[in-house]
Amino acid sequence: MGEMSEQIRRPTTVEELAAELAAGAAAGQAMEIGGAFTKRRLGGSATAAARTISTSALDQTLAYEPADLTISVGAGMPWASLTQLLADNGQILPLDPPFPGATVGGVLAADLSGPRRRRYGTARDVVIGMRFAAVDGKVVESGGMVVKNVTGLDMGKLMIGSMGTLGAIATANFKVSPRPETSGTCAFLSDSTDKLAKLRGRMLQGVAQPTALDLLNAACGRGLEIDFGADFVLLAEATGSEAVVKRSRATFETLARETGVEFLALEETAAQRLWRAIRDFHPASLEAHPKGLLLRISTTATQLGEALALLAGLAPDAWVLSRAANTVIWCSLDSWESGARTLERLRKAGHKTLVESAPPEASLERWVAGGPALEAMRRLKAELDPQGLLNRGRLWGKI
Amino acid sequence: MRAIVGPKAVLDAPQDLLLYEYDGSIEKGRPEVVAFPRSTEQVVELVKLAARARIPLVGRGAGTGLSGGVIPTEGGLMIGFARMNRILEIDYDNECAVVEPGVVNLDITLAVQGAGYYYAPDPSSQKACTIGGNVAENAGGPHTLAYGVTTNHVLGVEAVLPDGTVIEVGGKESDLPGYDLRGLLTGSEGTMALITKVIVRLMKAPEQIETLLAIYDEPAHAADTVAGLTARAIIPAAVEMLDGVMLRMVEEATHAGYPMDAGAVLLIELEGLSEAVVEQLEQVRGVCLENHAREVRVAKSAEERALLWKGRKNAFGAVGRISPTYYVQDGVVPRTRIADTLKHIYHVAEKYNLIISNIFHAGDGNMHPIILFNPRKPEELERTKQAGAEILTYCIQAGGSITGEHGVGMEKNDLMPLVFQPDSLKMMERLITVFNPDRRLNPGKLLPTGKGCLEIRPMTESQKATTW
């Protein structure tokens, strides 16, 4: 976790960042690269490094022409500053990543997103260009500042989610969106995962599509202090004009009635507090469960209800949050030892389950990976970081 | 090869190979043999055979590409995906379809529209082009303004590497860990792997669609309208622009009802919930009129709407009636620079004494100037090349790029150093060689070869018939 390094190095230019990497490589030093280092417990922790490099001083706005709906910033800019700057101009970049102090580079390297991904996608859908420093000290550029561009390989995609194992993201260019006129949030309460899974399906088959659609269990609601008093709650946000939000809400209410699910329309302030709490599910659950297990289950719509029911049976006290439209489920268990059984059962039932976080001593298979795809990833890693110096231990030490 | 795919699925007679020496671009290059596998297993066998014989190979879908992406630069084996054209699965619950690479883009939408779904990326060649090629080139289209290009709609791919390894990346599930190989392969122009299966996202069709035609005396006013829409926070589903030169050619060919005397028109499409579309229609009309549109027409029926789009989608055919040879460009500029880029294009046309017509995806700044020329006049060809280079240089200087959706291929690879520093190009090469170590797969594409640029040849009659 960087204990060995005497200090965190904070280069102030892209060239300095590249020089830091090159110097580390020349000395054969293991390097930990980060922004604000808010996610050290996520994605396979980095092992002790001789050199710790933060991009936090690369925090400038490099280009912003609101009328072009694009922005370019340094990787060290806090995500909150970026979204504030956009908000001042009536625009949004709605990744809504967890971890309040996170930097732009960290959000991209960890590929974090939030509830509104149903409508706006994830990092790979909003990044239009990137510069990164390679371990050999070269600065590499991909994409550009236009929203449609197929000039050259899309190397930015490779850096998103790479957890700093291939290079250090130095700057990032985004396409941004106009802020919708208004929004409205509805909650659907039920003790039946089946009913909520059915409601979810019907909402997504309709023409009035939610911008966000999340499902959480009672334990998660209590943990995040957004308890609804039901075993499960499905939350839907509609965005657009007044008329669109009104119509969406009416549609959702009708579907709730037809499905036999209790419906609640939330006030704006309550809704904002709710989505903020949900956005920070990761840090909140990690803090609540310091010796726990944070699982990420990538499942399909057809298996979503079954996975939720399985979790309800095996670990009723675990915090469960699902980005329901995208059928990803996070499950935070308070003890890794007892959680290991849940993990095993999930995998046995065919749900692709990843251990996003576990204490170092937990003897668990974090990521079940193999085959030609993993081989290709290893070859890419070997090409970009032949000495294996960058963020050792990240990506669960698999690559 | 005949043992692998059957005797009728291999072509090597010169008269047959002639049909496979071109695509939708101006490039040419003949393969030595073309094989048409029916399965991933047959692709693997063919690829392994080529690896043992150490011959170059390239994949080909429908050959509609505009940058020479499928042209064999060094002969060798061409793998045609025409027989791998099955839709394997339609999965509405998971909002996706699993298809073979030879499936025609539009056929996916046709297969799912009855259930109220569609596949969003819609290149102008969507009636002919195939998904494998769309993934290789990261294809765009008019409606990518609101919904993104191919890479945003590909959930997973199966591909065969040049050594015969089958690799599966992505899948129906979201957030699978590891590097985003599907993102890297999409748009790699067939230089890293041959795509053998694709999982595409299906989207719910909109409730209502409205199509407007805004008519202007001055092209600059049409360009200003695009910026005006953005300023009002309106993102239509599509914003297409045709300038006066273009729309007169289109009108003569298609009779879409475009005005013959206008300086430019915008074709704007709005879609979504009825409430949203009705509101936006008035807002958009307002922005058009504020920016001096002399008339704004709204299509009153599905037929009228189809006719307006027919004019747009048949534009290249219309140009071909006037001049059998032309050079289409694909530069992109930031949206606020459309007006001055257009002005520059007219300046270039005047300077080189050439006719340049403009049709483009104005909403995302993707310009398609079309330079008309007579190939029998060598000095006119020379002027065309210079004019093209000058326009693309301007796009780069405006903060844009040289290709928005057609790809680099062998047409613009030698312009890449104008866009990227040597270190970035070197990194692209290193990444390609991780998958394709001896560059036997689709050689001579995407990266500079140092052979010179913008070589232009006349199109053949058969090309004109098949491409657009």
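Student: Is B:Ser401 buried or exposed?

Tutor: Keep in mind that this is a predicted model. B:Ser401 sits in the loop between helix H14 (378–397) and helix H15 (416–419) of chain B. Its relative accessible area is 2%, and the cut-off for burial is under 20%. Therefore B:Ser401 is buried.

Student: Which residue of chain A has a side chain in polar contact with the side chain of B:Ser401?

Tutor: Let's look at the surroundings. Leaving aside neighbours within four places in sequence, B:Ser401 is in contact with residues of both chains, including A:Val146, A:Thr151 and B:Gly331. The polar contact between side chains, at 2.8 Å, is with A:Asn149.

Student: How many disulfides are there over all chains?

Tutor: Take A:Cys186, which is buried at 1% relative accessibility. A disulfide needs two cysteine sulfur atoms within 2.5 Å. The closest cysteine sulfur to that of A:Cys186 is in A:Cys220, 19 Å away, so the distance is too far for a bond. Over all chains, the count of disulfides is zero.

Student: Which element gives the most to the side of chain B that touches chain A?

Tutor: Good one! Between chain B and chain A there are 10 salt bridges, among them B:Asp180 with A:Arg124, whose closest N and O atoms are 2.9 Å apart. Strand E9 (166–170), helix H7 (181–185), helix H10 (274–290), H15 and helix H16 (422–435) of chain B each supply at least two residues of the side touching chain A. With nine residues, the element that gives the most is H16(B).

Student: What is the area buried between chain B and chain A?

Tutor: Here 77 residues of chain B are in contact with 70 residues of chain A. Carbon and sulfur atoms give 59% of the buried area. The total is about 6200 Å².

How values were computed. Residues numbered from 1 in each chain as written. Chains lettered and ligands numbered in written order. Predicted model: local features only at pLDDT ≥ 70, side-chain atom pairs only at ≥ 80, totals over all residues. Heavy atoms only, no water. Helix = DSSP H or I, 4+ residues; strand = E, 2+ residues; numbered from the N terminus. Buried < 20%, exposed > 50% of the residue type's maximum accessible area, 1.4 Å probe, protein only. Polar contact = N/O pair within 3.5 Å; in protein donor to acceptor, adjacent residues only side chain to side chain. Contact = heavy atoms within 4.5 Å. Buried area = accessible area lost by both parts, 1.4 Å probe. Salt bridge = Lys/Arg side-chain N within 4 Å of Asp/Glu carboxyl O.
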